[in-house]
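Notebook open, model loaded. I want to go through the sheet, the helices packed on it and a few loop residues.

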Amino acid sequence: MLKSSMCSQNGAEIVFFDLETTVPRKAGARIWVLEFGAIVVCPQKLEELESYCTLIRPTDLSVVNLKSGRVDGITRGAVRTAPKFEDVADRIYGLLNGKVWAGHNIHRFDCPRIREAFVATGRAPPVPVGTIDSLGILTQKFGRRAGNMKMATLAAYFGLGEQKHRSMDDVRMNLEVLKHCATVLFLESSLPDVLGCPSQESPPVATRSRTNGSRKFPPISSLGCHKVLPYARNTTVQMTDGQIDILCKAR
């Protein structure tokens with residue numbers, strides 16, 4: 001609690017989180033949250049303050065496959081005795097509300113899903129003070145060298161092992177990928193001529209329009225090279241030189 005209090009005095013804590021969900025069998029079907037995992041870190045040191053992970057049992061167990069096509073995937077048997085979302089909603093709310101939300105592809109997937117889960121139980125959803133989506137940030141800086149921007153591809157690029165597609169494992173992998181990317185960018189920006197670095201100008205992140213499938217290109221700031229990180233709701237959070245140095249040098 002002391003660490004959390006000291007961190008909060010210097011700015012909002014960052015919570016990296018990941019959801020595992022059902023895959024809808026038909027268009028418009030509800031997406032159920034099957035697992036929630038989160039790690040709260042202090043942005044000044046990227047120090048882990050607390051973590052939490054739980055399987056979640058949907059009201060309708062038939063939406064969960066009897067067998068999973070993934071190694072260590074979530075099956076109907078795994079969630080049969082797990083708590084329902086309403087049983088863990090207070091804990092999840094406490095972890096997320098008033099913090100910076102971070103994760104891979106959270107703008108399009110995890111953020112909407114967590115809000116839907118709260119609304120479905122008649123509760124007000126948690127509200128972030130900002131969001132950091134590593135998919136957008138890393139696409140701008142690493143898209144050309146790392147192939148597609150799936151977490152599994154990025155992990156393979158840095159030799160971090162196979163993605164488990166389990167919430168807590170994926171959160172920790174996301175953190176490690178960011179640390180490795182930040183280190184590479186720090187070295188390249190410090191010694192570009194010596195390292196023979198390619199131009200850091202990359203195409204902007206592409207997002208798909210819901211209306212006609214066309215691709216749009218919003219501007220996104222770089223990780224660790226600018227003092228402003230992108231946040232939701234058209235707001236920005238300023239970072240000090242010390243915070244940037246810590247993020248860039250973290251391993």
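**Entry 1: overall**

I am working on a predicted model. I counted 9 helices and 9 strands in the protein. The chain has 251 residues, and 43% of them count as buried. I also looked at contacts with a separation of 6 or more: 61% of these come from residues 24 or more positions apart.

In what order do the 5 strands of the open sheet run? I read 3-2-1-4-5, with mixed pairing. The edges are strand 3 (47-55) and strand 5, and each has a single partner strand, so one side of each has no neighbour in the sheet. On average, neighbouring strands here are turned by 20 degrees against each other, direction ignored.

I then followed the pairing around strand 4 (residues 100-103). Strand 4 runs parallel to strand 5, and 4 bridges join the two. Gly-103 has Asp-133 of strand 5 as its bridge partner. Strand 4 also pairs with strand 1 (residues 14-21), again in the parallel sense, over 3 bridges. For that pair I noted Ile-14 opposite Val-100 of strand 4.

Next, I checked the side chains of strand 5 (residues 130-133). Gly-130 and Ile-132 point one way, Thr-131 and Asp-133 the other, and all are buried. Asp-133, then, is a buried residue as well as the bridge partner of Gly-103.

**Entry 2: helices across the sheet**

Which strands does helix 4 (residues 106-120) lie across? I found strand 1, strand 2 (33-42), strand 4 and strand 5, with the helix running at about 80 degrees to strand 1. Helix 5 lies across strand 4 and strand 5, at about 45 degrees to strand 5.

**Entry 3: helix 3 on helix 4**

For the helix pairs I looked up two things, since two packed helices are described by the angle between their axes and the distance between the axes. Helix 3 (residues 85-96) packs on helix 4 at about 130 degrees, and the axes are 10 Å apart. Since angles of over 145 degrees count as roughly antiparallel and 65 to 115 as roughly perpendicular, helix 3 and helix 4 are oblique to each other. Helix 3 passes helix 4 in a left-handed crossing.

Helix 3 brings Phe-85, Ala-89, Ile-92, Tyr-93 and Leu-96 to the contact, and helix 4 brings Ile-114, Ala-117 and Phe-118. I sorted this contact by class and got 8 nonpolar residues, no polar and no charged ones.

**Entry 4: helix 5 on helix 7**

Helix 5 (residues 134-146) and helix 7 (residues 167-190) pack at about 55 degrees, with their axes 12 Å apart. That makes helix 5 oblique to helix 7. The crossing of helix 5 past helix 7 is left-handed.

From helix 5 I listed Ser-134, Leu-138, Lys-141, Phe-142 and Arg-145. They meet Asn-174, Val-177, Leu-178, Cys-181, Val-184, Leu-185 and Glu-188 of helix 7. By class, the contact has 7 nonpolar, 2 polar and 3 charged residues. For helix 3 with helix 4 I had noted no polar and no charged residues.

**Entry 5: loop residues**

Leu-46 sits in the loop between strand 2 and strand 3. Its phi is near 55 degrees, a positive value in a residue other than glycine. Is Leu-46 buried or exposed? I make it buried, because its relative accessible area is 17% and the cut-off for buried is under 20%.

Asn-105 lies in the loop between strand 4 and helix 4. Here too I noted a positive phi in a residue other than glycine, near 65 degrees. Asn-105 counts as partly exposed, at 25% relative accessibility.

Lys-67 is in the loop between strand 3 and helix 2 (76-79). Lys-67 is exposed, with a relative accessible area of 72%. I also looked up its separation from Gly-77: Lys-67 and Gly-77 are 10 residues apart in sequence and 8.7 Å apart in space, C-alpha to C-alpha.

Definitions and conventions: Residues are numbered from 1 along each chain as its sequence is written. This is a predicted model: local features need pLDDT of at least 70, side-chain atom pairs count only at pLDDT 80 or more; totals for chains, interfaces and linings use all residues. Side-chain values use heavy atoms; hydrogens and water are left out. Axes are lines fitted to C-alpha atoms, for helices over the stretch in contact, and angles run from 0 to 180 degrees between N-to-C directions. Helices (H or I, at least four residues) and strands (E, at least two) are DSSP runs, numbered from the N terminus. Angles under 35 degrees count as roughly parallel, over 145 as roughly antiparallel, 65 to 115 as roughly perpendicular and the rest as oblique. A crossing is left-handed if the near helix is turned anticlockwise from the far one by less than a right angle, and right-handed if clockwise. Contact means heavy atoms within 4.5 Å. Ala, Val, Leu, Ile, Met, Phe, Trp, Tyr, Cys and Pro count as nonpolar, Asp, Glu, Lys and Arg as charged, and the others, Gly among them, as polar. Buried means under 20% relative accessible area, exposed over 50%, partly exposed in between (1.4 Å probe, protein chains only). Two strands pair if DSSP finds at least two bridges between them.
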